[in-house]
Amino acid sequence: MHLYNLTLQRATGIQHAIHGNFSGTKQQEIVISRGKIIEILRHDPNTGKVYTLLTEEVFAIIRCLLPVRLTGGTKDYIIVGSDSGRVVILEYNPQKNILEKIHQETMGKTGCRRIVPGQYLATDPKGRAFMIGAVEKQKLVFILNRDTQARLTISSPLEAHKSNTVCFSIVGVDVGFENPMFACLEVDYEESDQDHTGKAYSETKQSLTFYELDLGLNHVVRKFSEPLEQFANMLIAVPGGSEGPSGVLVCCENNIIYKNFGDQMDIKCPIPKRRNDLDNVNRGMIFVSSATHKTKTMFFFLVQSEQGDIFKITLKTDDGFVTEVRIKYFDTVPVASSLCVLKTGFLFVASEFGNHYLYQIAHLGDDDEEPEFSSAMPLEEDETFFFEARPLKNLVLVDELDSLSPIISCQIADLANEDTPQLHVACGRGPRSTLRVLRHGLEVSEMAVSELPGNPNAVWTVKKKFDDEFDSYIIVSFLNATLVLSIGETVEEVTDSGFLGTMPTISCSQLGENALIQVYLEGIRHIRADKRVNEWKAPAKKQIVQCAINQRQVVIALTGGELVYFEMDVTGQLNEYTERKDMGADVICMALASVPTGELRTRFLAVGLNDDTVRIISLDPKDCLTPLASQGLPSPAESLCIVEMKGLDYENYASMSLEQQQSTLFLNIGLQNGALLRTVLDPTTGDLLDTRTRYLGSRPVKLFKISIQGAEAVLALSSRSWLSYMYQGRFHLTPLSYEMLEYASGFASEQCPEGIVAISSNTLRILALEKLGAVFNQEIKQLKYTPRKFAIYHENGMIYSIETDHLSYTDQTRQEKKEQMAQQMIQDADSDEKRLAIEMANAFIQTKLPETTFGAPKAAPGMWASAIRINDAINKELKGIIELEQNEAAFSIALVKFSSRPANHTYLLIGVAKDLKLNPRSCTCGYIYTYLLSDNGERLEFIHKTQTEDVPGAICGFQGRVLIGVGRFLRIYEIGKSKLLRKCETKQLSNFVCQIQTLGPRIFVCDSQESCFFMRHKHDENQLIIFADDIIPRFVTAMALLDYSTVAIGDKFGSIVIIRLPPGTTDEVMVDPTGDKGLWDRGLLNGASQKAETLCSFYLGETITSLQKTSLIPGGSDALVYTTLSGSIGMLVPFSSNEDRDFFQHLEMHMRTECTTLCGRDHTSFRSFYYPVKSIIDGDLCEKFTSLDMNKQKTIAEELDRTPNEVSKRLEDIRTRFAF
């Protein structure tokens, strides 16, 4: 078995975000890392949106990311620490839109190891050096400099190692132009390691250590170390030199402390807490992320607590010494992994979980009524300040970036009966969790819909002048009339446009500088700017059947296949070419390309004839109307469209700037059988090359030229609408998630600069496309707690999901706690203040802050809240929520039919743990709730609950009964009247049953740490027998059955493996020939007598949360679809032939040598992180072929006996065969 890995949706979670002037201009960019991807984002100040400039796979796990700017420089470089054992400095080249590796220094072994540097990174604020540190022991300092050509150079590493030391945070201290200094949070565990009593461990203190890089002596010294009273988790550097007092802010639990060496006193300020918070009282508060904003005159810090509250911290100085730390509540946003304050006054929030946000800082919070707390305010020990959480006041939400991270569970099914299956994805954490329905397609925003007086058959938009920014008229053609609408503040009918309204229009357009043209059945109207009209009438007994128009040329086809060609002269007059061309067959469709800049005409006309051919006709004055090329078609053409695209597939993209790239002419042919052909039109000879086919729908394909991001694109309308466009140097052909359209045209107005005007039955619609480049559009339903699993009832499209949160209150407990606190407030008040206290208590009970922003209150460890949710996926309605009792945590769900009950009875079984403690895992007991589906699945009728001694981790129906994994036991239950009845049990699994699936009589069971077991139930002896197992322990998180003896497994470390039972494996294993049952029950050291073989193995780098064997396109072959915790979706697809497999194997081999990875990680060793990569070819690497420079493309293609175009076509084909 050989498979090919295709990524459908890249990871969406963000681990690190930094900002700087990476392109060397004044505009700032944001660089983010998503596991093994680096992405550069830019904020558009006009629209307020964030858009992606570049996405680059690095084939390594990015562990740290920081910007650095050399002293006096204007451009920032990117320092990347990864699992490659190397530190890399990258530069962004805006002309070529690529990241270039400037330096690569090897520091240690590959992998994320404790003592290999790469986990922590800090730079000197003046850009003279950086320190890269490991979790333990090793720290290296590199000096940065310039050579004579002003290029960045890097020194050999200087060591700052200290054995038996664990590091928690590193930051570069701002000391102006004195010797660079780095501050580290460290713990020395040498004494704790040697003291077996544990006394030294309990007395261990964290220390703040300053390392100084002596530039004169070229070595690093430990300058100063000071033990801390409390453990800290983060350091924030304070601006120094001429800009501030220098030093660091140490973020501890419940406190923030300013420290600096010398005579500076420590300044300690408590972290404010929310007033009347329902959080567990013993729970401390820490800061999790920060951003520093610095101008020439002032600086401040925005720091975020783990509840999401952002505080603004300022320092008061006196004679260079800090005297006071001031802290003020700023606003509350979702908890972030990184915060970036841009110079343009925007705050980028890279959320830990869920969508990411861009806010505008509307106010700095200096002059509002919000109380400001200070370290100078007198407070008792362990007391803190309190503030009132409130909706946004200083920040304004500007943009939102969709993120699926973390995907907890996913199932693929066509519940909406759309032919194409939808992905039902449970994602998010806590109150920000969502259940999303993903469909392949671009999201369409409906700007306006208006009814028309009849059913139109065509629509166009025209400008009055060539250089107008916006369109002036919308022309709508009916069977017997033409309606002209003017575009302004409103859209209204006009009669003085010069267009003929009494006839249907074939086509119309803006012509020359400021004229308009209308083509109708009996002639052509040329409308000049001064409203003079020139008419050309069709010959007697002939009508115009088709036409093609651009800015300077008009071609019409008369009945009988005769072509008439007109060209505009310098005076703006349309002149007919002397000869006419008889095509010898009826013309079905025609197309002209736009006139290239600086030229008078386009050279080619494409004509589709009813003899199933497309002809290319020359319009060059030397050989006007002579045929140049012809192509046979499998079905008659419905429409043609010639567009110019700056194409990766055909040009030397990597070595040219975006402006220099030569455009490629593409002839798009829409066929009557619903297929779209895309062919390259040779700009010199007019030959048609490299045809690519895609099936779009059941109706004939109509093509329309529109504008996307200032470039030409094609809108194709069939039973579904599709958009063919270039985005970030890559070609996309994506369906629109919208109802069927019949005719369309580009549309530009002030409110909608790049839209589409279209007709659908008797309505006129104005649409806008915003999320270009997106693979899926999303339909989102908000959830209450973190979703764990869900079950789909396919018969009527119901989705039953279980949601569970740790450290959480149920609604009832929360209300009781609120009332208890309100009672306490009244009791604590004096008799004069009783009335005020009662008012405050009532207001407190009624106050409800939205938990999606402010988070849910955190309860004590061991407290759980769970709910069962019933969603109708077809009607998009919530049918009900069943809240479980406090401290009941739901972990498993399944729909089951019992053979002892009527065939139309379907039961929903939910596995629940009571009072679960996570480490070590223990619980009071477990329950299995049994519900009967009633009212067509819309209601759950409670039948009974069955007590178990451990957590029911997995449930699966089996031969009219049910298999349940209870802790490490696997049991078969039958339904009874008051509870489920245990019929059979095996104790041979060692840890925890996490997955069960069945196929016929075989049972496939996964242990959370011991991979997959193949089992059989013996009816005669009523025993569950393990007849085969895996040879390698695996920490399983997902499983899918591929066939009777083949299983795909995803583990929590990011590997996908496929294991298969060897031929000749038998289910009929003798249970215990010795008759000694005790030995068998204990399980044997070597497991089962038969072992599964590993067929395929591949490392993804992200925890796999679901696997499913399914097809994603109608009529497509089955593939293995996976989702990961980071929000990525991909698939493993089988090859259709050995020739295909050999081709991609050789392509991958050549790409490994030719395509250097950005972080210096060897591709083969990355994909073999835990197990050697086997029989899976990396599509992400193969698809980088089109971004190599042309010489490398040609070299690889020659080795494969292909042309670069053929290679890119094969890459496109394998993607479209299985996915999109």
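Visitor: What covers the buried residues of α10?
Guide: This is a predicted model, and in it the cover over the buried residues of α10 includes α7, residues 1138-1154, as well as α11, residues 1204-1218.

Visitor: And which residues of α10 are the buried ones?
Guide: Helix α10 runs over residues 1190-1199, and its buried residues are M1190, Q1193, I1196 and A1197. Looking down the axis of α10, these buried residues fall within an arc of 130°, so they line one face of the helix.

Visitor: Which residues are exposed on the other side of α10?
Guide: On that other side, N1191, E1198 and E1199 are exposed.

Visitor: What about just after α10, which residue takes a positive phi there?
Guide: That is D1201, which comes just after α10 and has a positive phi of about 60°.

Visitor: Changing topic to the rings: how many aromatic pairs does a search of the whole structure find?
Guide: The search finds 35 aromatic pairs. One of them is formed by Y4 and F1135, whose ring centres are 6.0 Å apart with the planes at 65°, so this pair is edge-to-face.

Visitor: Which parts of the chain does that pair link?
Guide: The pair links distant parts of the chain, since Y4 belongs to strand β1 (residues 3-9) while F1135 is in the loop between β90 (1129-1134) and α7, and the two are 1131 residues apart.

Visitor: Are Y4 and F1135 buried or exposed?
Guide: Y4 is buried, and F1135 is buried too.

Visitor: How are F898 and Y907 arranged as an aromatic pair?
Guide: F898 and Y907 also make an edge-to-face pair, with 5.5 Å from centre to centre and 70° between the planes. F898 has 3% relative accessibility and therefore counts as buried, and Y907, at 4% relative accessibility, counts as buried as well.

Visitor: Which residues form one aromatic cluster?
Guide: The cluster is made up of F1035, F1053, Y1099, F1166, F1169 and Y1170.

Visitor: Where does R678 lie, and what about K126?
Guide: R678 lies over the face of F731, at 3.7 Å from the ring centre, whereas K126 lies over the face of F177, at 5.4 Å from the ring centre.

Visitor: Last topic, then: what domains is the protein divided into?
Guide: The assignment gives domain 1 (62-227), domain 2 (463-651 + 661-740) and domain 3 (1135-1218). Taken over C-alpha atoms, the centres of domain 1 and domain 2 are separated by 60 Å.

Notes: Residues are numbered from 1 along each chain as its sequence is written. This is a predicted model: local features need pLDDT of at least 70, side-chain atom pairs count only at pLDDT 80 or more; totals for chains, interfaces and linings use all residues. Side-chain values use heavy atoms; hydrogens and water are left out. Buried means under 20% relative accessible area, exposed over 50%, partly exposed in between (1.4 Å probe, protein chains only). Helices (H or I, at least four residues) and strands (E, at least two) are DSSP runs, numbered from the N terminus. The arc is that of the directions from the helix axis to the C-beta atoms. Contact means heavy atoms within 4.5 Å. Rings of Phe, Tyr and Trp (its six-membered ring) pair if their centres lie within 6.5 Å; planes under 30 degrees apart count as stacked, over 60 as edge-to-face and the rest as tilted. A charge sits over a ring if NZ of Lys or CZ of Arg is within 6 Å of the ring centre and within 35 degrees of the ring normal. Domain bounds come from an automatic or database domain assignment.
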